[in-house]
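Dear colleague,

I am passing on a structure for you to look at, with some notes on its pockets and on one residue. Please find it just below.

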Amino acid sequence: MSIKLNNQTPLSAVAIKHRDHLLRSHVLVIAKATWRLSTGRLAPAEHQVGLHRRQCSVCLGDLDLDPVQLKALRPRLAEEIVWLDHELSPPKPMFDVIVAGYATAPLGHPHAFIDAAVRIGTHVASIRAHAPRFWHRRWLGYRAEAMAETVGRVPISYALADWASGFPIKTSSDPAELPALLPWIEFLHSSSERGRHTRVPAGLGFWPENAAHRSIHAGTYDDAWQKKRAPDLPADFNPRFYNCAHKELQLAQAPPDGTPIRLVHLAEQAIIDCAFPALTLCAQGRTAAGEIRSAQSMKPDTLVIEPDQDRMSLVYRVLLPDGEQAEAVRTVRMFKVPSPVG
């Protein structure tokens, strides 16, 4: 049975049936709101970004790449990667911060490498982006050498990072087992009281389901699951699986309204300052018998920043308890709660 959504906002929204990993029935309500980075204002209705009902994919060869980058990726140019995830998942336990774009050299002048960062309040995630590099054998061993002296833009996608399905760095002494190319992006952060830095799989954007920090939450899909649970999720499924940001950009909760946000070297404008938006949404169900349920707040759990498009979007979600027959939710009203007058 479909759910009728009475959307009293200009935002993109949907209400659908959902059965969770504990086999409970709900009505899942999702909404998306878009703001301009440059003004911090909610975009007009005609400029709101719709909910992504499927993953947004792109071929590596269709990214904004320079000639050297195209040369380095020649064997992979037809490879399809996910740029942005679909947005029909249930509420996420952690708050995802996704930056979909490129590390960009300041003032349009290419550099040997580009250090870029996103800061949400006091939380900082920073990366170093390189020109294509490869292992070069020297008489004392191997060292990284760049295919170009400078670089102007580098996609900050998982596809160009150091992980099992990207550019793995092997430590084998057999030259035949060493990859020709090295990761284009590295995630740099302080790892000890002595200020040492470590390199971990990088990427400020979407991460796929087989990334280690996601796959560990997927649950067990074995013969027992096939016989007793399928097509429901495994009993050991963890909703953390739905969080698709880098683990360093999964926050414990949504930032408070007005929290400062700073983007560094993630667009032609070297530094972009904005703030976490203030918007309160609620959803209220009405059953087949006409009972009006209590309104519930929709929580933002995903911030998508697209610097090149001058926009950021927040995805809000809530699960409304569902029932059977007369107790089943048939209509959902979604509305904005007015901000308090200061």
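A pocket is here an open set of points, on a 1 Å grid over the protein atoms alone, where a 1.4 Å probe fits and which has protein on both sides within 12 Å along at least five of seven lines, while lining residues have an atom within 4 Å of a point. Points are joined across faces, edges and corners, and a volume is the space filled by probe spheres set on them. The model is predicted, so that local features need pLDDT of at least 70 and side-chain atom pairs pLDDT 80 or more, whereas totals for chains, interfaces and linings use all residues. Residues are numbered from 1 along each chain as its sequence is written, and side-chain values use heavy atoms, without hydrogens or water.

The largest pocket has a volume of about 450 Å³, and among its 23 lining residues A254, M298, K299, P300 and D301 lie nearest the centre.

Separately, Q284 lies in strand 19 (residues 280–287) and counts as buried because its relative accessibility is 17%, the cut-off being under 20% with a 1.4 Å probe and protein chains only. The Q284 side chain reaches the backbone oxygen of R293 at 3.0 Å.

Best regards

Terms used:
Helix = DSSP H or I, 4+ residues; strand = E, 2+ residues; numbered from the N terminus. Buried < 20%, exposed > 50% of the residue type's maximum accessible area, 1.4 Å probe, protein only. Polar contact = N/O pair within 3.5 Å; in protein donor to acceptor, adjacent residues only side chain to side chain.
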